Amino acid sequence: MSNIIIVGSGFSGSILARKIAEELDRKVLVVEKRPHIGGNMYDEVDEHGILIQKYGPHFLNTNKYFIIKFLKQYAELFPFNVELMSFIDGKYVRLPFNFETVQQLIGPEKAESVLAKLRAAFAGRDRVPVLEIVEHPDPEVSAYGELLFEKAYRTYTSKMWGLQPEQIDKYVLDRVPMAMGYDRRYLNKDFQYLPVKGFTEIFKNMLDHPNIEVRLNIDALEHLKLADGKATYDGEDVECLIYTGAIDELFGRKYGPLPYRSLDIRYTYSEKDSVQPCEIISYPQAKGYTRSTEYRKIMFDDSAAAGSVVATEYPLDYVPGAEVGGTPYYPVVTEDSTALYEKYLGEVAKYKNLFLCGRLAEFKYYNMDVCIEHALKYFENVKDYLTKDHD
Ligand SMILES: Cc1cc2nc3c(=O)[nH]c(=O)nc-3n(C[C@H](O)[C@H](O)[C@H](O)COP(=O)(O)OP(=O)(O)OC[C@H]3O[C@@H](n4cnc5c(N)ncnc54)[C@H](O)[C@@H]3O)c2cc1C
């Protein structure tokens, strides 16, 4: 068994495994508790021939082309701009909220003056966070911002996070800004792609290296011991432990559990080839659920598919071990949880051979492009450690 151990086979764990195996020519053991690789990016073709992303829909979007180039080494990608709509007051309106939405929500007559004021207020801006519109000094502009905020953001955020928008990190609200024009692209990054055969193929190829061994269905915490500044796995010394799971779980939640949100994803099959007007519908006003995804609409080749599947997301708190809600999807970043996270960081500092990387380990809402770039940079720390005398 290698004494370089990586816990987790999502982007963070898989990228680090590949870099260590390839660039340092060292053997690596990847331990994964799920029955598959890929972490939350895992997808598979279901019995209807439809490629389903098991942990919710993912779209690769970035302004940095090197991320795309990096992934193209492992799988073929195709350009894909995802389209979304929001179901508000009984009608489908454009998402991102844009100038078309203004007309849909308040009617063209009232929209005329609001649009003119939005143009003047945010001239030269492509996208503007809703809070900036709410806080604008012009009462007509701020009234429109308020309407959008109350009809869409407040309701969606409170369902999604189980908190009011005022309690949650501002970054979360800023993720869905209003488009200042008629741009229909939900994501406004320059490079938007999906893998032709799905994300899992990327991970299969990335982990396919003679120096990498992957063991599935193993909870590393049942084998790891952290004590006296030393990590051991099944009683053996570990030279380097890279952990990409939840940081509080690594330390037995000794300071209390960090909050994560989970999802209950429910699937509905239809014999029709198309069910919704676009790939994803957001439901800020619906009871319990936030959005639905029609996976057939995002497939590169759906010629072998029969009918269509819609996946509806019901957010709930993460409860470790629960059948529903037992997967941590999103770190809930608030002032209190950040303070708690920092206590756990204090524990990490006691172990010089312990490296924490990734969304759960660093308690950050990383998009995959940021996660990939971060893992590539993070490798330099690991390399530094492994190539220098560290006894
Ligand atoms: C619903 C959803 C939608 C998203 N959509 C997008 C999107 O459209 N675009 C985008 O850019 N990003 C999106 N993201 C973010 C993206 O999923 C992440 O950036 C990326 O998957 C993070 O990878 P990671 O390796 O850090 O974490 P993860 O993928 O969570 O991997 C961690 C791995 O560690 C394993 N593990 C944990 N504990 C243990 C243990 N004790 N023993 C063994 N294994 C363990 C887990 O099983 C998991 O496989 C989305 C995230 C979610 C949740």
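Student: Let's just pick a spot. Which helix does Ser337 lie in?

Tutor: Ser337 is part of helix α9. Keep in mind as we go that this is a predicted model.

Student: Got it. Is Ser337 buried, partly exposed or exposed?

Tutor: Partly exposed, because Ser337 has 19 C-beta neighbours inside 10 Å and the cut-off for buried is 20 or more.

Student: What does Ser337 touch, beyond its neighbours within four places in sequence?

Tutor: Leaving those aside, Ser337 is in contact with Leu258, Pro259 and Val332. Ile372, on the other hand, is 35 residues along the chain from Ser337, and 24 Å separate their C-alpha atoms.

Student: Val332 came up there. Where is the place of Val332?

Tutor: Val332 sits in the loop between β21 (330-331) and α9 (335-348).

Student: And is Val332 buried or exposed?

Tutor: Buried, because Val332 has 23 C-beta neighbours inside 10 Å. If you skip the neighbours within four places in sequence, the contacts of Val332 are Trp161, Pro259, Tyr260, Arg261 and Ser337.

Student: Okay, zooming out. Which domains does the domain assignment give?

Tutor: There are three entries in the assignment: domain 1 (4-78 + 194-258 + 331-387), domain 2 (84-179) and domain 3 (260-317). The centres of domain 1 and domain 3, taken over C-alpha atoms, are separated by 27 Å.

Student: How many residues does the contact take from domain 1 and from domain 3?

Tutor: Domain 1 gives 16 residues to the contact and domain 3 gives 18. On the domain 1 side, strand β4 (residues 51-53) supplies the largest share, three residues. Sorted by class, that side of domain 1 has eleven nonpolar, four polar and one charged residues.

Student: What about the ligand? Which residues come nearest?

Tutor: Out of 33 residues around the ligand, Gly8, Gly10, Gly39, Gly56 and Gly245 come nearest. The elements giving two or more residues to that shell are α1 (11-23) and α10 (368-387). By class, the shell around the ligand divides into 14 nonpolar, 13 polar and six charged residues.

Student: And the inside of the protein? Which residues of the largest nonpolar core touch the most other members?

Tutor: Those are Leu16, Ala17, Val28, Val30, Leu241, Ile242 and Ala375, in a core of 96 residues. Helix α5 (residues 139-161) makes the largest contribution to this core, with eight residues. As a general point, nonpolar side chains tend to be buried together in soluble globular proteins.

Student: In what sense do β7 and β8 pair?

Tutor: Antiparallel, over five bridges, with β8 covering residues 91-95. Leu84 stands opposite Leu95 in β8, and Met85 is across from Arg94. The hairpin has two residues between its strands, and Asp89 there takes a positive phi near 50°.

Student: Which strand runs parallel to β7?

Tutor: Strand β18 (residues 280-282) does, joined to β7 by three bridges. Ser86 has Ser282 as its bridge partner in β18.

Student: What order do the strands of the open sheet of three have?

Tutor: The order is β13-β14-β15, with antiparallel pairing. β13 (224-227) and β15 (236-237) are the edge strands, each pairing on one side only. Four bridges join β13 to strand β14 (residues 230-233), and Ala227 stands opposite Lys230.

Student: Where is Asp228 found?

Tutor: Asp228 is in the loop between β13 and β14. Asp228 is not a glycine, yet its phi is positive, about 50°. Asp228 counts as exposed because 7 other C-beta atoms lie within 10 Å.

Key. Residues numbered from 1 in each chain as written. Predicted model: local features only at pLDDT ≥ 70, side-chain atom pairs only at ≥ 80, totals over all residues. Near = placed C-beta within 6 Å. Nonpolar A, V, L, I, M, F, W, Y, C, P; charged D, E, K, R; others polar. Domains from an automatic or database assignment. Contact = placed C-beta atoms within 7 Å. Core = buried A, V, L, I, M, F, W, Y, C linked by C-beta atoms within 7 Å. Buried ≥ 20, exposed ≤ 12 C-beta atoms within 10 Å, placed from the backbone. Pairing = 2+ DSSP bridges.
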